[in-house]
Amino acid sequence: LVLAESARSCDNRHMTPAKLIAAKRDGHRLDDEEIAQLVVAYANGDVPDYQMAAMAMAIYFQGMDAAETVALTRAMLQSGKTLCWPGLDKSIVDKHSTGGIGDKVSIILAPALADCGMAVPMISGRGLGATGGTLDKLESISGFRTDLSITELQQVVDRVGCVITGASDEIAPADRSLYALRDVTATVPSIPLITASILSKKLAEGLDALVLDVKWGSGSFMKTLDRAKQLASSLVNTAQGLGVSARAVLTDMNQPLGKMVGNAVEVDECLDVLQGGGAADLVELTVDLGAQIVHLTQPSATLEQARSTIQQSISSGQALNKLEEMVSAQGGNLQAVRPRARQHVFQSTQNGTIQSMDSEQIGWAIIEMGGGRRKLGEAVDHSVGIEMQVRLGDEVRAGQPLMHVFCRNELWSPVQHLLAGTVTIGDDAVDVPPLIVEYVDAA
Ligand code: URA
């Protein structure tokens, strides 16, 4: 079998795209050169979308081994520009989250890491499915720009230490095209394709270290812990295969993170944390993710020391100063009042204990209010949101508020309808899942 496989690879130095697709479809592995050849041809427009869609489907069904995933990620990364940081005497670091409901950690963590002496060139995304996007949240700050050129991005990092902006067309263009194809061909949930997509953009930042917050549960796109673990391993092993030190943290997304879900309300909650307040789970996760990065870049520090470094940056107000600097370098005004729609109250109809939450449906309710997009390019209403009043395992009584909902009056009735059933109340004792499940390092 091994001989047959290597013979196939040697014979097919000039395989056509159709032959490469057939090879993958039939369960053969592709070598580095074949993968690079296909991605380059796709990025140049020499391989049409229909062939790349067929390849995505072949990968979806047959999977890719670790070496193939590294080759695919490298090829997609090399389809665009990679940032270089000559003369910058700092560790270049970032955090990526696979996305969740109320996940606003980046807005707190990027300035905290910058305050701790690291450079954070964070290229971030918009909402995907029911989950919110950091760029949409930040755009609720008056004047804030998320469309910086690569030169502007580097200038902000040089000056402030951190930046949060969108990916320009020059970063991993092959991913941009392939992601759009996967979206319409039902091939998004493939672990090698997700790995290459996430890492081709993140590693284009020219990083020394990356921490990955891989979420599992009702509000994330990995609904089971097992799938989340597979994705976490694939991400850290592929990053290591490309020379970047990475650690994944498996975290709970069976209820929103923190109290606020939306755009402007989430920025407000970040400011609460940076002023010493904020929900305990949000603070705990932010500090832990930051500590993992400190630990990856300074292995001599214990995790306890690393946690206290991040904690100190937040509690001293220094991280808040950094956020203010970053916002103003990106044209924004953090002092300008952010919009908040009228408050409605969503109440419990029964007595009991909160058993479960359909966090994804809470995300869809935000989209229904206009706080996210149903179609690419739709405008976002930054003023809408939800403030959670309860958490899993809480005791509630009929009539008690479960959520404060900020939305336009005319949308309150359909939104209420969507929220009905998002919180399950019963009499059973509840095992609340741990916020941080485990850490995953490269094999
Ligand atoms: N986020 C990405 O950037 N790509 C994926 O494939 C999934 C999530």
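The legends below describe close-up views of a predicted model.

**View 1. The largest cavity and its lining.**
A search of the whole structure turns up 2 cavities of 30 Å³ or more. The largest cavity has a volume of about 80 Å³. Its lining consists of Leu30, Ile35, Leu38, Val39, Met52, Met55, Ala56, Ile59, Met64, Leu72, Leu178 and Leu193. Two or more lining residues come from each of the helices α3 (32–43) and α4. Helix α4 gives the largest share, with 4 residues.

**View 2. The second largest pocket.**
The second largest pocket holds about 160 Å³ of space. Among the residues that line this pocket are Met64, Asp65, Ala66, Thr69 and Val70. The lining also includes Ile191, Pro192, Arg227, Gln230, Ser234, Asn237 and Thr238. The elements that supply two or more of the lining residues are α5 (66–77), α10 (191–202) and α11 (225–241). The largest share, 5 residues, is from α11.

Met57, Tyr60 and Phe61 make a nonpolar surface patch of about 300 Å². Met57 belongs to helix α4, which covers residues 49–62. The relative accessible area of Met57 is 31%, so this residue counts as partly exposed.

**View 3. Asp169 in a loop.**
Asp169 sits in the loop between β3 (162–166) and α9 (173–184). Is Asp169 buried or exposed? Asp169 is exposed, because its relative accessible area is 56% and the exposed class begins over 50%. The side chain of Asp169 makes a polar contact of 3.1 Å with the side chain of Arg176. Val337 is 168 residues away from Asp169 in sequence, and their C-alpha atoms are 32 Å apart in space.

His382 lies in the loop between α16 (359–369) and β9 (385–388). With a relative accessible area of 18%, His382 is buried, because buried means under 20%. Which backbone atom does the side chain of His382 reach at 3.2 Å? The side chain reaches the backbone oxygen of Asp136.

**View 4. The salt bridge between Glu360 and Lys223.**
The closest N and O atoms of Glu360 and Lys223 are 2.5 Å apart, and the two residues form a salt bridge. Glu360 is in helix α16 and Lys223 is in the loop between β4 (209–216) and α11, so the pair ties together parts that are 137 residues apart in sequence. Glu360 is partly exposed, at 26% relative accessible area. Lys223 is also partly exposed, at 40%.

**View 5. Further salt bridges.**
How many salt bridges does the structure hold? There are 28 salt bridges in the structure. One of them joins Glu152 to Arg145, with 3.0 Å between the closest N and O atoms. Glu152 is partly exposed at 26% relative accessibility, and Arg145 is partly exposed with a relative accessible area of 33%. Another salt bridge links Arg408 and Glu410, whose closest N and O atoms are 2.9 Å apart. Arg408 is partly exposed, at 39%, whereas Glu410 is exposed, at 55%. Salt bridges with shared partners join Arg126, Asp136, Glu139 and Arg373 into one network.

Technical notes: Residues are numbered from 1 along each chain as its sequence is written. This is a predicted model: local features need pLDDT of at least 70, side-chain atom pairs count only at pLDDT 80 or more; totals for chains, interfaces and linings use all residues. Side-chain values use heavy atoms; hydrogens and water are left out. Patches are made of residues with over 30% relative accessible area and no salt bridge: like charges are joined within 9 Å, nonpolar side chains (Val, Leu, Ile, Met, Phe, Trp, Tyr) within 5 Å. Accessible areas come from the Shrake-Rupley method with a 1.4 Å probe; for residues, only the protein chains shown count as cover. A salt bridge is a side-chain nitrogen of Lys or Arg within 4 Å of a carboxyl oxygen of Asp or Glu. Buried means under 20% relative accessible area, exposed over 50%, partly exposed in between (1.4 Å probe, protein chains only). A polar contact is a pair of N or O atoms within 3.5 Å; within protein, one must be able to donate a hydrogen and the other to accept it, and residues adjacent in sequence count only if both atoms are side-chain atoms. On a 1 Å grid over the protein atoms alone, a cavity is a set of points where a 1.4 Å probe fits but cannot get out, and a pocket is an open set with protein on both sides within 12 Å along at least five of seven lines; lining residues have an atom within 4 Å of a point. Grid points are joined across faces, edges and corners, and a volume is the space filled by probe spheres set on the points.
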